[in-house]
Each structure stands twice: as C-alpha cells, then as structure tokens.
Amino acid sequence: IYDNTKKNVYLSGVSSPKPVLSVRIEAETTVQQAKLTQILTLLSTEDPSLHVEETGSATLLSGLGELHIEVVVDRIRREFGLDVWIGKPTVTYRETVVGRVETDGLVEYDRTVGSTRLQGGVHLLLEPIRNSDAIGDDGDGDSSSSNSSLEDSSSSCLQLTDPIVTIGPNV
C-alpha cells in the first residue's frame, strides 16, 4: 500500500496457515514443564504456524504436519537439552455443512436398559448459514450487529430453531 501524502510504502503482514496436526507434549517434572512452557513460547514467536495451547492437565502443540512437529521436538531436545514425551498425533478436521440435510420424519429412540426405559425423538434439519441468514439479521442491510463473526459464509455455526425438549416419565 502506497501512502502518497507521506511517500511511504506499507507491506501487508504475513499470514500463516492454520495447524493441521496436534500432539500432547509433556516434560518429566514440574520444573521442566515450566521450562518447556518458556521454550514453546519462544518457538511459537519464531514460527507463527506453530500453536501452543495449555490447559490445566496438558500442553497441546499444533503444527503444519508430522515433519513440522518432529523438527520442533528435535529442536527442544537438541538446542535446549529438555527431554519431552510426545503423545499420539491427532489430525484437525474442519467440516462444515454445505447443503441442506433433513431426516425423514421423526426419528425415534426406544430402548430398555435394565429396568429403565429410555425414549427420545428428533426431527433434524441442517443447512448452511449464509450471510443473509445470519442470526440477528433483520434484512435491513445493516449486518454490523453483534454477529460480525458470522460474516464468513463458510464458518462453522450451528443455529437451533424452535427446539422442543420434553423431559418426563411419559415422553
């Protein structure tokens, strides 16, 4: 982008692809786990395609593929001297509804488990949400409401309309 008033050129930022593979990574002790957290923060700063998510019980390391994760783990072991345990890799699936899907009538569930009878029924209709179908869009052309996250028509979103739930002994 060229700014004619100041004679400056601005370059757009670099975007990295979303990660496709995740592994659980753990250190042997809590002291080493703290060091691992610092190392992963440094590595994710160097490599924006590397994502780290820490929960109370686990640290998930996500990258662009198996080789990417192997290179990062090798760097942790070689450059920082930290022995880590790596869990089984999981592939990130991104799915979305692309067409209308509807069950044929009411699908019923009726089973007896022991002395308890379990019953349920559902009529399911799934269809993609388009920009004009976004939640809260009243058709006046002003879609700047609180639903700005729904601007991408390919985003995954589940919108329940007219849910009916009945809980009781004679369902």
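Let's start with strand S5, which is largely enclosed by the rest of the structure because 4 of its 5 residues are buried. Buried here means under 20% relative accessible area, while exposed means over 50% and partly exposed lies in between, with a 1.4 Å probe and protein chains only. Strands are DSSP runs of E with at least two residues, numbered from the N terminus. Please keep in mind that this is a predicted model, in which local features need pLDDT of at least 70, side-chain atom pairs count only at pLDDT 80 or more, and totals for chains, interfaces and linings use all residues. Residues are numbered from 1 along each chain as its sequence is written, and side-chain values use heavy atoms, leaving out hydrogens and water.

Now to the partners of S5. Two strands pair if DSSP finds at least two bridges between them. Strand S4, residues 51–54, runs antiparallel to S5 and is joined to it by 4 bridges. A hairpin of 4 residues leads from S4 to S5, and Glu54 stands opposite Thr59 in S5.

S5, which spans residues 59–63, also runs antiparallel to S3, again with 4 bridges between them. You can follow this pairing residue by residue: Ser22 has Ser62 of S5 as its bridge partner, and Leu21 has Gly63.

Strand S3 itself covers residues 21–27 and is mostly covered, with 5 of its 7 residues buried. Which other strands does S3 pair with? Another is S7, residues 90–91, joined to S3 in the antiparallel sense by 2 bridges. Leu21 takes part here too, with Val91 of S7 as its bridge partner.

Val107, Val122 and Leu124 make a nonpolar patch of about 230 Å². Patches are made of residues with over 30% relative accessible area and no salt bridge, joining like charges within 9 Å and nonpolar side chains (Val, Leu, Ile, Met, Phe, Trp, Tyr) within 5 Å. A salt bridge is a side-chain nitrogen of Lys or Arg within 4 Å of a carboxyl oxygen of Asp or Glu, and accessible areas come from the Shrake-Rupley method with a 1.4 Å probe. Leu124 sits in the loop between strand S10 (116–122) and strand S11 (125–126), and is partly exposed at a relative accessible area of 41%.
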